[in-house]
Amino acid sequence: MKRATPAKPTNPDPKAAMHHCLFCKIAAKQIPSAIVYEDEELLAFKDINPAAPVHLLLIPKEHVATLSDCDASHAAVLGKMLALVPKLAAEHGCKVTYDADGTPAGGYKTLINSGPDGGQEVYHLHVHLIGGPRPWAGQR
Ligand code: 5GP
Ligand code: ZN
């Protein structure tokens, strides 16, 4: 039976989905967020419910529901998103550093949840950047 107000979008048409999409509204500045990076294609902002001292979300401005909806045509924007992670991590004090012996310190987790079994709650592709000194409060 079809639900009147589905919790998750079931329509694969990205143009139909984006009207109801929280992160499209954040990208359009219709909903406020703590923005830490923006360019013509990407936006990064602080997660409203951080799982760790640093918890950023990095999105493409153009609506794509999940990583599962991506193909080779998304390779450039996906690459751009991943390449932005080290810069954001450095700016937020959680980049990986090495001491004189080459022992690593610091660091972060980079996470993309996809679909219900992947634990995705917001159906607009996003990369989590989760880091800072442990212990972390959230279980990510
Ligand atoms: P997912 O579970 O889909 O991978 O992650 C969605 C993330 O979006 C969660 O970590 C959640 O805290 C965050 N989130 C949900 N609503 C908002 C919001 O309105 N603003 C911000 N900044 N983050 C949100
Ligand atoms: Zn969207």
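**Ligand shell and fold**

Five nonpolar, five polar and three charged residues form the shell around ligand 1, where Ala, Val, Leu, Ile, Met, Phe, Trp, Tyr, Cys and Pro count as nonpolar, Asp, Glu, Lys and Arg as charged, and the others, Gly among them, as polar. Ile48, Asn49, Asn113, Glu121 and Val122 come nearest among the 13 residues around ligand 1; a residue is near a molecule if its C-beta atom, placed from the backbone, lies within 6 Å of it.

The model is predicted: local features need pLDDT of at least 70, side-chain atom pairs count only at pLDDT 80 or more, and totals for chains, interfaces and linings use all residues. Residues are numbered from 1 along each chain as its sequence is written, while chains are lettered from A and ligands numbered from 1 in the order in which they are written.

The protein contains three helices and seven strands, taken as DSSP runs (helices: H or I, at least four residues; strands: E, at least two) numbered from the N terminus. Their order from the N terminus is α-α-β-β-β-α-β-β-β-β. Of contacts between residues at least 6 apart in sequence, 56% join residues at least 24 apart, a contact being two C-beta atoms, placed from the backbone, within 7 Å.

Strands pair if DSSP finds at least two bridges between them. Strand S1 (residues 35-38) runs antiparallel to strand S2 (residues 42-46), with three bridges, and a three-residue hairpin joins S1 to S2. Ile35 has Phe45 as its bridge partner in S2. S2 also pairs with strand S3 (residues 54-60), antiparallel and over five bridges; here Leu43 is partnered by Ile59 in S3.
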